[in-house]
Amino acid sequence: MNELPQQLANGLALGALYGLIAIGYTMVYGIVQLINFAHGEIFMIGGFGALTIYLWLPGGTSLLLAIPAMIVGGAIASVAVATAAERFAYRPLRGAPRLAPLITAIGLSIVLQQLVWSFYPDATKARSFPEFTGESFRITDDLILQRADAFVLVLAPLCMLILGVFVSKSRSGRAMQATAQDPDTAKLMGINTDRIIVMAFAIGAAFAAVAAVAYGLDKGQINFEMGFILGLKAFTAAVLGGIGNIYGAMVGGVVLGLAESLSIAYIEEIPGMQQLGGGAWSNVWAFVLLIVVLLVRPQGLLGERVADRA
Amino acid sequence: MRNRSLLILSAVVTTGALTLTACGSRDDDKGSGDSGGKTTVVIGVDAPLTGSLSPLGQGIKNSVDLAVRTANKENVVPGVEFKIESYDDQAVPASGQANAQKLVGDKEVLGVVGPLNSGVAQSMQGDFAKANLTQVSPANTNPALSQGDNWAKNEKKRPFPTYFRTTTTDVIQGKFAAQYLYNDAKKRKVFVVDDKQTYGAGLAAIFAEEFKRLGGTVVGTDHVTVKETDFSSTADKVKSKGADSVYFGGQHPEGGLLSDQVKKVGAKVPTMGGDALYDPAYISASGESNDGDISTSVGFPIEKLDTAKKFISDYAAQNYKDPYGAYGGYAYDGAWAIVQAVKNVVTENGGKVPSDARAKVTEAMGKVTFSGVTGQVGFDEFGDTTNKQLTVNTVTAGKWKDVKSSTFED
């Protein structure tokens, strides 16, 4: 059988998930040039928020009804934490050297993990998350699309579309672009840049919550550590696609996801490369790709070369 | 939340108390027996008490706690009060080594039970050997830990005289698994996956070799990375290679996800693994269609052993928060072996703990033999258990159910 369609579908679904998380990195970086390393934990908190809502709903609620509620619940949790982090951890450091907020972000990420570990019931172990029931979609003999993958493949482009329209058409979106280009001038033009920054954090967090629900539905479990590796991968996706560019985040995510799944499947088929293939090496190949892309296009796939205003 | 703060509080109190007693114990050593009070002997515990493997680690810690309570209650060693001191290694080798150094530094520690992971054990063995401090693992199954790196070439050499274990090795377990899968389950085409860790990669290699020797085919191999969660590409390879079974060398968080994802891509084949998968958490991690997944576990199911009845009822009576899990019985036996060794040493020394107690206890460990929770406990010349009983379990209606128990034969 031909493995390619299935591996492409896997890569796309994984990539779409990376992309959704990467939006959070890229929006915050685009506006305040901060790499919010706690974003992986915002994602994780979104998952736990959604789980809380699911457990609160009466048993037997149809999953299709539950999912919107879970997304809303997850988003409330993650947006609340992200905006609180912005207000109390990052805003006081706005004028500080760039390393200070970066280290703060790393510290915050550890704090958030430990808080969930300590205070969420039974979060010291993986908590099981509702899953789609029923058969996967059989598209051809070579391509079986799991329900959870289909879910993320529909949801991710939809979210991107909404975000794209919001940023380019709405008043707040244009204010956001202005702030990204030049925060001082934007402020002089009467834009409340503090509000715009909070908004960037909130949008990123909401996307992370959507990603967390998709992730939970796919894997059937969430745990307090899950944000770390996914956050790292999503950050890589954001850099790959050109950090600061929202479409770049999605493109970077998809490219990274495809690189991972195709390298697992095909590198070992190349004669002489058998030792360098398989799941053990997928991260290596993904980062080789990142390095190559950054050598050729230092600004990332869709990034624009911007004057450094450090 | 209350438990957590209790834990912190008790940790603070015990460390405080230990520092105080450690300060005082120097005087005791010189004028020992002057007070008429009991000498304190600490049995250390190192296991993952947090993180995804914490259910197993907590089971180990509680079982050692139970052994210590029993020893004190029954006054097994007159004049000696046993205490437990537990450390969390989070399944990380570096944390394990830091804990080993702390345990070595506390002179009252005469034996340590742990760790859970073979990779963590590797990082601790050297520190314990230097200090002559006995270590009994209730769960390590990697052969190199007791038989040296060249065990596969029949050049067995015990690297650390202080290392003992109450579970059998992966050589036995891997071969046993291959024999079951080939002879009993009648599988011929297996796809082998491991997690690149000491335990998982070792077990998978032994399994694959025996499976091929029996006449089966390994249709493909792959590796996954610990703490990652997306194995769908690996799962697709299982399907496209036409495997009729998957063998996974690794821990249950990854194993459960792999089994789930293999079934989701439409390959209706069972996943088999070692004792690390034999945990209720594997079943919750592996989704809905995990019926028929297989794990081997070391020893006979302790619920069915007459020797374990007292352990099970005593454990229940203590109302521990976590169950004893797959390794509780072995942890209890490990702690009990240390208690027995201390007893022999103290008896020989006229009822007192000798000044070179650690070396004496290590020496005595090799000769210990008693009827424990998991059967007859004793150690061979490598420090490995003499008990070679194993069990095959399958998932049936959301629970691990034992299907075959026997003593391994080569």
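# A guided tour of a two-chain predicted model

Begin by selecting B:Lys196, which counts as partly exposed because 15 C-beta neighbours lie inside 10 Å. The model is predicted. The loop that holds B:Lys196 runs between S6 and H7 of chain B. Display the backbone angles there: phi of B:Lys196 is near 70°, a positive value in a residue other than glycine. For background, most residues other than glycine have a negative phi.

**The unit around this loop**

Next, select residues 189-194 of chain B, which form strand S6, together with residues 217-223 of chain B, which form strand S7. In which sense do S6(B) and S7(B) pair? The pairing is parallel and extends over six bridges. To see one facing pair, highlight B:Phe191, which stands opposite B:Gly220 in S7(B).

Move to B:Gln90, in the loop between strand S2 (80-88) and helix H3 (93-105) of chain B. The phi of B:Gln90 is near 50°, again a positive value in a residue other than glycine. Is B:Gln90 buried or exposed? B:Gln90 counts as buried, because it has 20 C-beta neighbours inside 10 Å.

**A cis peptide bond**

Select B:Gly114 and B:Pro115, which are joined by a cis peptide bond with omega of about -5°. By way of comparison, most peptide bonds are trans. B:Pro115 is located in the loop between strand S3 (109-113) and H4 of chain B.

**The two domains of chain B**

Colour chain B by domain: domain 1 covers 2-168 + 305-379, and domain 2 covers 170-298 + 390-407. The C-alpha centres of these two domains of chain B lie 31 Å apart. Where the domains touch, 15 residues come from domain 1 of chain B and 17 residues from domain 2 of chain B. On the side of domain 1 of chain B that touches domain 2, helix H2 (54-73) and helix H4 (118-130) of chain B each give two or more residues. H4(B) gives the most to that side, with three residues. By type, the residues of that side of domain 1 of chain B are five nonpolar, 10 polar and no charged.

**The nonpolar cores**

Now select B:Phe207, B:Val246, B:Ala335 and B:Val342, the residues with the most contacts inside the largest nonpolar core, which has 111 residues. Which helix provides the largest share of this core? The share of 12 residues from helix H12 (residues 328-348) of chain B is the largest. Domain 1 and domain 2 of chain B each contribute at least three residues to this core. Centre the view on B:Ala335: leaving aside neighbours within four places in sequence, B:Ala335 is in contact with B:Ile43, B:Val64, B:Ala67, B:Val68 and B:Val113. A second, separate core has 88 residues, including A:Ala22, A:Ile23, A:Ile45 and A:Leu256.

**Where the chains meet**

Finally, show both chains together. How many residues does each chain give to the contact? Chain A gives 31 residues and chain B gives 32 residues. On the side of chain A that touches chain B, helix H1 (4-32), helix H4 (99-119), helix H9 (226-241) and helix H10 (246-266) of chain A each supply at least two residues. The largest share of that side, four residues, belongs to H1(A). Coloured by type, the residues of that side of chain A are 11 nonpolar, 15 polar and five charged.

Technical notes
Residues are numbered from 1 along each chain as its sequence is written. Chains are lettered from A and ligands numbered from 1 in the order in which they are written. This is a predicted model: local features need pLDDT of at least 70, side-chain atom pairs count only at pLDDT 80 or more; totals for chains, interfaces and linings use all residues. A nonpolar core is a set of buried Ala, Val, Leu, Ile, Met, Phe, Trp, Tyr and Cys residues joined through C-beta atoms within 7 Å. A residue is buried if 20 or more other C-beta atoms lie within 10 Å of its own, exposed if 12 or fewer, and partly exposed in between; C-beta atoms are placed from the backbone. Domain bounds come from an automatic or database domain assignment. Two residues are in contact if their C-beta atoms, placed from the backbone, lie within 7 Å. Ala, Val, Leu, Ile, Met, Phe, Trp, Tyr, Cys and Pro count as nonpolar, Asp, Glu, Lys and Arg as charged, and the others, Gly among them, as polar. Two strands pair if DSSP finds at least two bridges between them.
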